[in-house]
Structure formats: C-alpha cells, structure tokens
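Biologist: I would like to learn how to read the places where parts of a protein model meet. Could we go through them one at a time?

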Amino acid sequence: MKSSQLSVSSRLSSRVTVPVVALALAGLAMTGCAPSTSDNSSKEDEKSGKLRVWLFQEVNNAPKKKVIDGAVADFEEKHDGTDVEVTYIPIDTRAQKIKAAFNDPKSAPDVIEFGNTDTAGYVKDGGLLDISKEFGAWTDSTNVDPTAKYSLTIGGKVYGAPLFVGVRALYYRTDVFKELDLEPPATQDELIATAKKIHSERPDLYGLAVGGAYTYGAMPFIWANGGDLADEKGKFGSNEYEAAIDSANAQKGVKAYTSLFGDDNCPAAKCAQWGGNDTVEAFASGKAAMAIGGDFNRQAIEAGKAKGKYKVVPLPGVKEGDIAPAFAGGNNLGVLKSTSHRTLAVDLLKTLAGKQTQRELYDAMGFLPTFTDVRGDVAHKDAFVKPFVKTLNDSAKFVPASPGWAAIDAQLVLPTMFQEIVSGRKSVSAATQDAAKKMDEAFEQ
Amino acid sequence: MSHSRVSLRIRRPWRFAAEATALIVAAVVAFPLYWMVLSAFKPEGEIQSTEPRPWTTAPSLDSFRRVFQQEDFGRYFLNSLFVAGVVVVASALIAFLAATAVARFTFRFRTTLLIMFLVAQMVPIEALTIPMFFLMRDLGESVPGVGLNTLGSLILPHIAFSLPFAIWMLRGFVKAVPEALEEAAYLDGASRSRFLWQILFPLVFPGLVATSVFSFISAWNDFLFAKSFIISATENSTLPMALLVFFKAEGNDWGGIMAASTVMTIPVLIFFVLVQRRLVSGLGGAVKD
Amino acid sequence: MSAGTAQHARRAPAKGSRSRPGPAVPAGRRSGKGPRRGTWTPWLYLAPALVVLGGLLVYPIYQLGLISFLEYTQAQVSGGEPTTFQGFANYAELFGDGEFWNVVVATLLFAAVCVVSTLAVGCALAVLLTRVRAVPRLALMLAALGAWATPAITGSTVWVFLFDPDFGPVNKVLVWLGLSGFENYSWTYDRYSAFALVLFEVVWCSFPFVMVTVYAGIRAIPTEVLEAAALDGASTWRIWRTIMAPMLRPILVVVTIQSIIWDFKVFTQIYVMTDGGGIARQNMVLNVYAYQKAFASSQYSLGSAIGVVMLLILLAVTLVYLRLLRRQGEEL
C-alpha cells in the first residue's frame, strides 16, 4: 500500500470513529421513534420566586414599559419575595415564541399577552390555564365588556383577562366633505353613494378605501345586514361552529361591500389586494376621502397628509341611526398552564389588566380600556375616542371563538372569497359557498 | 492572479459600449438599494407619498434612532457576529475535510452521498423546525451550551444547513489541486495529515473564503431559527429580531424597517469588500478540472 | 447543450494545456488510484460532516417522514391529545385538494423561468465583467453584492414600493417615457404581471451569486485559450459556447442545482410581494401553499406530507438533470 505513511494510530482511530458515529446515529434514531410531545401542566403553586411575563413589543415601547414597570413595582411591594421579569417580544415572532413556550415549559413565562382571536387555539394547544374561579371572584370583573369576555371564554371557562380592545369606525376627510358639501353618511346605502359621488367629483381620490384582504373592514357590512361568518351550533357558548357566510343575509353584506370595488370608487386592480393597513395608508397619504380605520390607527394618520383634516364617526348600519357592528379586536393576558406560581401569576395578571393599569395604558399608548366604566371616563376626556367607544358599547362583535379560526385566517379563506368576487372570477353566491365549505372543514379539525 | 488581458484587445467602441452597459446595469441593480437607504432617511409620512421623489429635502435620523434605541441592540449585533463567525469557520473546516474525501477518493456510496447532501435543502424549512426544536431541547439536557435559548442552538443548525453547499463548492477546488503535488508530497515523506493541513489547505483557502460568504449571509439573515429556538433568553437574540419589531399587525413602520435593513446590510457589504478579491481569485479554482 | 464536433476539437487541447501534467485521465473516472481505494480514510474525513448532518438533518428528515403519517398538530404536541397513526390520510387530503396540482404546475413553471433568467443574466453579466476596466467592474460588482446581501424580506418590500401604482416611481418613469398604459398600472392585479414582478426581484437578488461565481470561473481559464479564439475571430457568443461554457461546467452544475432548489422553494418574495399568494390565490407557489395550509395553523403532519412531496419532486428534477449531464459524459 502506498499509503503506508498513514500512521497506524490514525488508521486505528478511523476504525473506532466510524462505528462510534454509526452508534451515535442509531441512538438518535432510537430516541426518535415517536415524535416528541410535551406535558406542560404543573401541580406546584409556589408563593414566592421569579415570575416571567411576556408582553408585545410596540414600536414606541418606552411609554408602555413605564406603565408596566410601575404596576410591577406595585405588585412586588405587595408580594414579598417575588421578582417579576418582563420581556417584550416582537409581535411578528409571537406565534413561534408562544408555541415554543408551550413545547418547552422550562422556557415558558407565567403570564403572556396574546391577540384575542388566538384564545381558542391556545386553549386547544394546552397552553392556557382555566382561571374561571379567580375571574369570577375578582370584583372588577363585573365591569368587563361582555364582548371582550366572550373572546376569553371557551366551553364556559374563562382563560384570562382582557387588556385592551380595539375597534374600527369611519374616518372621513372634513375638507373634502366641506368642499363637496357632503354630510357624513347615516346609512350603509348613503355610505356607498357618498363614496361614489366623491370619486366622480374628485377622481384623484378613492371615495371609501376598501381592501379585498381587509376582512375586518368587511365584517361590519355582513353583520349590519343580519348575516354572520358562522353560527354557533347548539347553545351559546358551545364553541362549535357552522359556516354561515353563504346565508342570504351574509351574501347581502358581501354584495354591499364588494360593490365598493370598481372604477366608480376603489378600482379592483388596486384595491382587491389591499389589506387594512393599505386602506389606512391610502387615507393617511391623502389618496382616500374615507376609510374604515381603528382607534389604534390614529398615530399613522396623524403622521400623514390627512393630519388635522379628518373626523371619525361610527360606521353606519342599514337603517338610519343604527351602527354597523364592528369587530372587537384587542389583546388579552393569560396565565400559562405550566406556571409553578399559580396564585401569584393570577394576582399579577389582575394587577397588569386591572383598572389602574388600563387607565395608564390608555394615557400612555391610547389602548382602549376593557372596563366599561374606565372607558366611559376616557371617552369623556377625549372626543376622538367617542365614536369608537360608542361602537363598542352598542354593537361590537367577535369572530368565531374556535381553534378552526386560526386555520381560516391562515388560509386566507375570506380574502380569497372577496378577491374572487371583485376580480370577476366568481359570483357572490358561488364564492361564499366555496368559502363556507372551507370554513366548515377548518371547524371540523 | 492571472488576469486575462483579452479585454485590452477589444476594439474601442465595443469596450465603451460594454462599460456603459456595465454602469447602467450597476445603476439599475443599485437603485432598489438606494431606495431602501433613502426611505430610511425620509421623514415619516413621506415614505408612502403620492409624489415619490428620488431624494428628500428633509432627511431625518428618526428611523435610525428607533433602531438603535432598542434595548440590547448592541448585544444582538454581537450575537449575530458571533453566530455567523462560528458558523463560517466551523462549516469551512468540516466542509474542507468532507470535500477532500469526495473529491480525492473513490468509495462506495460517494455519488449517493453527494446527492444526499442536497436533500435537506429541498424540504421547506418550517417542516424541519419542529423536529429540530425537540432535538435541540433534548440535546440541551445532556450537552450544555447547545440547548434551546443558547447561541449554540442557532450555530448548530446553521452549520448543518450550510455544509451541503460548502462541500459541493469546495469539491471543485480540491479537485483542482494537481494529483502530482500530492504524490510529490508523499515521496518527500509528508504524512497524510501534513499534506492535508500544510499543503492542500492553503491551496484551497481562497475557495474556503468564497463558500464562507454564502454561510455568512445565510446565518446573518436568518429569522426562523432565531425566533423559534431563542425563547426565554432574549439576551441571546440576533439582529433580525431587531428588524422584526417594526412589522406590526396594525401598520408596519416602513422607516424603521428600511433603517434596520440598512444597518443589517452594511456589515455584510463590508465583509464582501474585504473578501471580494480573494473570492474572485478563489472561486476560479473550481473550474480547474 | 449539444456542442458539436467543433467544440470537442477545441476542448481537447484546452484540457491538455491545463495544469494537470502527465497523461490525461479519462473524464471523471478515477482509475489507477489504488492507494485510496477501500481505506477508511475518506470516511474519517467525512466523519465530522456526517455526524453534524446525520444528527441535525437526517434525523429531522426521518422525523418528517414519520410525522407525515400521523395526526400531529400543536394540540398533540402540547395539548395532551393522543398522536394517532393516519396512514396515507395526510397525503390523501393533499392530493384530493384540487388547488394542490395547479400550484405544483405553477411552481414548476415559475421556478423554471426564474432559474433560466437568473442563469442567463448572471452569465451574461459575468462575460460583460471580463470586457470592462476596473472602475465599471467594481461598480457592478458592488451593486450586485449589495443586492445579494439585502434580507429577502426587505428586498421584496422595496420592490413593491418601487412598483406601487400610487406611491411608486417606476410607473411614473414609464409614463414619462411615453408608455401611457402604465398610468396607475397595478402590477399585482394581473396574474402574469404579478409573476413578472416577483421574477424581477428573484433575479435581482439571485443573479449576483451566479455572476460572481461564473466571473471567477472565467478568470481561471488560461488566457492563451481565449486569446487564440479571439485571434481566430470568434464572436463573444461563440467563445462562450465553445470554450467557456464547457470549461465552466463544474461550476455551472453547482449553480444550476442550487438555483433549482432555491427557486422551487421561493417563499418570501411571493409572500411579501403578492400578499400571500396574489389576488384570489393566482400567484400561489408550493412553499406559500404549505405555509398557509399547514404551518401557520400548526398542522405539522400535513406540513410534513407537503415537505415529503416537495422533496421527492426536487429530487426527481435533480436526478433528471444529473442524468442528462452524465449522458453528455459529465460525471459527478
């Protein structure tokens, strides 16, 4: 052999290495016979120690941090021997982070903030703790907005406390309305007519900016016409759903919303693709005379050309004097099942989602409180939030509180439906029926 | 460097045409980059404007301020640098050995192995994240420093994902080293490991630099592992997390996104400028059959 | 790429003049290397790579296959629901979805166009780089490297900004150039113009890899060969076809296979630029489909089934490509 230079020892070592590698691989394969699962329920309830909290990181996070720091200091003072560590997680990473926390209880926090449409999914994933008893015993809970509470209630059990709500209403340009001598619309038909009138007189403007992927902007039209996305099977609170988007009333709403796409208001070529943010951006940059925006969009609009030239009214319903029901978005706080400090964690949750903190969060961040009395106070002080609070108090609604909603949302079932209609691919009845079929599949999973 | 002198023989009008084309193409290619940097400097409200202008009259550092004022930003930066650095060095060394094996030896399953190296890249990475998550979790129980929440949990998967490509590329460079050189070395009494590290390694070093660029970028720009494996220990987050902060459900902060991206791109450009001479001379080795 | 006899005539002396002394070894076959046959040495060298790849890639891929036959969602992972064996149910669900096949076809076609365009642009610019002096070369190189280094999510966002019907400068420039049809033109509304827009971005961010690699390869070709051809009066195209391309074969193979894999798996560009698959899902590609159908709602088992199918398709494409190469006498 010419490779005699190869020393004996290295040949030996190679003889050893390969089987070792093979063994290591085999070992890995053995442990991998079944995919891993994780048990994250905890029986412990320690009365002191470290509590971890995850909150969403806002772009301008400093004011939020200041309020939370105050609440945390308060809590630590009242509970000896506790140490609260708050981490702010980027909103865009929340899905991975929270799933990872469910999968690895050791890394999991005790209290988390989450979007209220995620509740049902997180409960099914075994992540959230049922705190019905503590919630019921909490004196402040009597003032909690019922829609916000509904978003936390699965199978009759309560899985957290609402932190803030967000709701949409109609933004309109006061200068354009004055120039064209228009009044804010009082009914849905007027809204559509006004939008088209504006576009015909000011072709450089979209009358009402709408988006084919703006599901939350479209929902009020469906609800105002007496339709719904899905009906709860059996009694209220069963959390079993059946799609209703193809019902006659829902179709009426879909037809009304999609009639706004076209060269007479918001050309389908542009608007079919838009989501909520795009419509708000169009309004903020002065390209639209009206838009359906949330209380949380105020800052974006103030930064644009529309600054100081707009007002907000509740989105009109079908009949004069009615308000079209709007989607009550917002975030909740919940306790994780894996917590080893149950009592403390629930106490902390009550502090962080309590009236005092919510009031301060409104002042710092503009987050609308979930307690009806606190919300009344802030509406009294700030005229801007009045139409939003009115909408919330009168007629806010929620999406199906089902784990299937996450799949419907991810698969873009409703945006696809609207886009199929406004691009002329399908009729309203065909598109809604297809969407209903996909929704039912998701509910069944 | 054996620079080709062919270009000097091209007739003048053609060379001017070629150079003009090169400059125009460079401008077109650079324009989106320019727009990114410009948007980072534009004041809020001007970024999405109905009169898009390729300049701004009121440059503002607000967006950059929002990027740098993030808590732990400097730490994220160093973490990214560390992860990318370790990945580059480790994958280069491992790939060098493996490439030598597949380029200089004949053995059973060699071709199969080469194709297998590519297979992992063919699967959507989200599909592998869950098994890898549990692997990292279990590994962390027995091996400290590589479990979830550690920088090791980012380094290991990145090494694994950059290896196949590095091996394929380096194979060409190793092949390019003349056989005669190896035989001469052995005749001089060099041991196999001496040949490997003291003769072959320096010869393919430019190739290693070339492949490192790829592993550097993939590790530097990664979002998925960073957001899946670093769960509670936010002090171990990497730079892309500082970019993701600006993506929000109720309206993205475009200025912040552009500023953070500019900040992220600059180190890679510096890395490129530093290695580009070696990169070009290095890659050339791969063709010498 | 049938090169014809002229090419072979040129290729032979070119090879002979290269750095390898002694009798030419028949292409690819490593005959007469007795000493390195049958030893453990290659496996020793491979060991670190095999440990890392075995542990971190083979194992997850094995799990991928396993999970694709189970019911395994987040509810099973952490929700305490039992993991059950489903046989081919996940695959049946996938193949039963009419949209899936359309998406596969669209993905294959779109990826093919991307690969061909990227290679064409990259190779053309690499040749161009050899024709210019230092300053324009550096300018083009730096611009390309910048495009390469930009995070995909940002690159896609910027391209959408540039082509935005209301806020983008591109349409304004096209109108100014006299193409009045682009006044307020929405690139993402029509299926093909939306794909074209994504194609531009994909080519923009992936041609630098091809250009730099191929340029480096050209620089390594012995100058005499190219000079001889130039003296013969051969055109640039002819020199590329008959001298450069055959010599660059090993590089082009790697570049092509990588481009196929990357472009078939395109995700960020489609996801960001067409808002998750385009108007009424007209721009859907497989990786986005997989994300929306499975991963976004944590249906890992269905996602794994899609992953396995993608793996098989890509493997088939790669093997066909390598088989074609072998038929032309090129060996791995």
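Biologist: How many salt bridges does the rule find across the interface of chain C and chain B?

Modeller: Keep in mind that this is a predicted model. To count as a salt bridge, a side-chain nitrogen of Lys or Arg must be within 4 Å of a carboxyl oxygen of Asp or Glu. Across the interface of chain C and chain B the rule finds one. That bridge joins the side chains of C:R133 and B:E19, at 2.9 Å from N to O.

Biologist: How many residue pairs are in polar contact between chain C and chain B?

Modeller: The count is six residue pairs, with both residues at pLDDT 80 or more. For the side of chain C that touches chain B, helix α2 (residues 41-67) of chain C gives the largest share, 19 residues. By class, that side of chain C has 68 nonpolar, 19 polar and 16 charged residues.

Biologist: How many residues are in contact there, and what area do chain C and chain B bury between them?

Modeller: On the chain C side 103 residues take part, and they are in contact with 108 residues of chain B. The buried area is about 9800 Å², and 75% of it is on carbon and sulfur atoms.

Biologist: Now take chain C and chain A. What area is buried between them, and what percentage do carbon and sulfur atoms give?

Modeller: About 3900 Å² is buried between chain C and chain A, with 57% from carbon and sulfur atoms. Here 51 residues of chain C are in contact with 49 residues of chain A.

Biologist: Which polar features does the rule find across the interface of chain C and chain A?

Modeller: Across this interface there are two salt bridges. One of them is between the side chains of C:D166 and A:K270, at 3.0 Å from N to O. On the chain C side, α2, α3 (74-77) and α14 (286-293) each supply at least two residues. The most come from α2(C), with 13 residues. This side of chain C is made up of 24 nonpolar, 21 polar and six charged residues.

Biologist: Finally, a single residue. Is A:R168 buried or exposed, and why?

Modeller: A residue counts as buried under 20% relative accessible area. A:R168 counts as buried because its relative accessibility is 14%. A:R168 lies in strand β7 (residues 168-173) of chain A.

Biologist: Which side chain makes a polar contact with the side chain of A:R168?

Modeller: The partner is the side chain of A:Y214, at 3.1 Å. Leaving aside neighbours within four places in sequence, A:R168 is in contact with residues including A:Y216, A:I292, A:F296 and A:F388.

Key
Residues are numbered from 1 along each chain as its sequence is written. Chains are lettered from A and ligands numbered from 1 in the order in which they are written. This is a predicted model: local features need pLDDT of at least 70, side-chain atom pairs count only at pLDDT 80 or more; totals for chains, interfaces and linings use all residues. Side-chain values use heavy atoms; hydrogens and water are left out. Contact means heavy atoms within 4.5 Å. Buried area is the accessible area (1.4 Å probe) that two parts lose on being put together, summed over both. A polar contact is a pair of N or O atoms within 3.5 Å; within protein, one must be able to donate a hydrogen and the other to accept it, and residues adjacent in sequence count only if both atoms are side-chain atoms. Helices (H or I, at least four residues) and strands (E, at least two) are DSSP runs, numbered from the N terminus. Ala, Val, Leu, Ile, Met, Phe, Trp, Tyr, Cys and Pro count as nonpolar, Asp, Glu, Lys and Arg as charged, and the others, Gly among them, as polar. Buried means under 20% relative accessible area, exposed over 50%, partly exposed in between (1.4 Å probe, protein chains only).
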